[in-house]
Amino acid sequence: MTSSWARPIPLSHKKNNPAPAPAPAPAPAPAPARKPHLHDYHTRMFACAHGSQAELAMEILLEMRDHGVEANWRIYHACLHSFPMDSLWKNATELIQEMERRGLTANIVVYNTCIEACAEVSQWEAALRLLSRMKEVRVNPNKRTYDACIAACAKRGRWRESLNLLFEMERADIVTYNVCLKACARASRWQEALSLLDEMELDNVPADLITYTTCITACAKSAQWQHALRLLDVVENNRGIEVDKRAYTACINACAEAFQWEEALKLLSRMRDAGVEADIVTYDTCIYACVKAWRLQEVRRLLDEMHDHGITVY
C-alpha cells in the first residue's frame, strides 16, 4: 500500500509556487509609411505658387524624383508660378527641358505662361525662342501665344518681328493690331503704322482711339505733322470715337517736332472748342513747339494761361 505522502501533489496544492503569468502578446508591427501621392505634391506645389516660394518648389520636384513619383504638367505649371515675374523667364526654358527629360511635353498652357513672363520683362528674344521650340515639338501656338510674343517685341520697338508674327496669325483683332502699331511708333516707323491702318480696314477690324493716337504718335516721332493732322480729322469725324487730350497732344507734338508752332497753337484752340480740357502735358508740348521756334512771347502767354487755369508750372 502506497503511503499518501508519496503521491504527487497537484500543482494547485503547491504553496508558494504561483503559476507563471502568460507570455505577453507580441507588439503589432508598425504600419508601413504611406507613400506620398501625386495629390499631396499638387497641394504643396500650389501652396508654393500662391506664396511665391520658388526654392521650396524646386525642392519638391527633387523630392518627387527621389520618391519615384512622376510629376505632370500641372505640377510644373504651378512650379513656374512660384517664381517672381522678373526671374520666371530665366527658369522657363530650364523647366521645359526638365519636363522633356522626364518624358513630358509642355502643353500650350505652360508655354503661354513662360512667353507671357518674357513679355512682362521685355525679353523678346527668349519669347521667340520658346515660340520656335513650340513649333518643333508640334504644340500649336494660339492667339494668346502670338499676342504675348508681339507684346515682348513691341516693348523693345522690334517692329519687323512684330509684323512677321502678326502675319503668321490666322486672325488678328484690334488688340493685336494696336500692339503692333506701338512697336512701329516706338521705332518711328510711321509709314508702316499707316500701312497697318489700311490693313486693318481690309481685315474688317475697326480702328479705335488707341489705334489713331498710336499712329499719330508714330507720325510725330518723324515730324510728319500733315499726316498727323489728317488722322486727327478722321478721328473727329468718326462719331463712334470720342477724341481725348492724348490724341490732341500727340498731334501737337507732331507739329512741334516739325517747327510748326502756329499749327500747334491752333490745335490747342481746336481742342478747347471740342470741349476737351488741356492738361500740363498739352501745355508743355505747346511751349516746346514755341521754344523750338524762338516764339518767346507765345511762351509767356501760354504760361499765363496755365496760371489762369490753375495748372501748376514746375
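Helices here are DSSP runs of H or I with at least four residues, numbered from the N terminus. The model is predicted, so that local features need pLDDT of at least 70 and side-chain atom pairs count only at pLDDT 80 or more, while totals for chains, interfaces and linings use all residues. Residues are numbered from 1 along each chain as its sequence is written, and side-chain values use heavy atoms, without hydrogens and water.

**Pockets and cavity**

On a 1 Å grid over the protein atoms alone, a cavity is a set of points where a 1.4 Å probe fits but cannot get out; a pocket is an open set with protein on both sides within 12 Å along at least five of seven lines, and lining residues have an atom within 4 Å of a point.

| Space | Volume |
|---|---|
| Largest pocket | about 240 Å³ |
| Second largest pocket | about 180 Å³ |
| Largest cavity | about 60 Å³ |

In the second largest pocket, α10 gives the largest share of the lining, four residues. Leu197, Tyr212 and Leu231 are among the residues that line this pocket. For the largest pocket, the largest share is six residues, from α11. Lining residues of the largest pocket include Lys182, Thr213 and Asp244.

The largest cavity takes three lining residues from helix α2 (residues 54-66), the most of any contributor. Leu61, Arg65 and Glu98 are among its lining residues.

**Contacts of Leu302**

With contact meaning heavy atoms within 4.5 Å, Leu302 meets Leu265, Leu268, Tyr283, Cys286, Ile287 and Cys290, leaving aside its neighbours within four places in sequence.

Key: Grid points are joined across faces, edges and corners, and a volume is the space filled by probe spheres set on the points. Helices (H or I, at least four residues) and strands (E, at least two) are DSSP runs, numbered from the N terminus.
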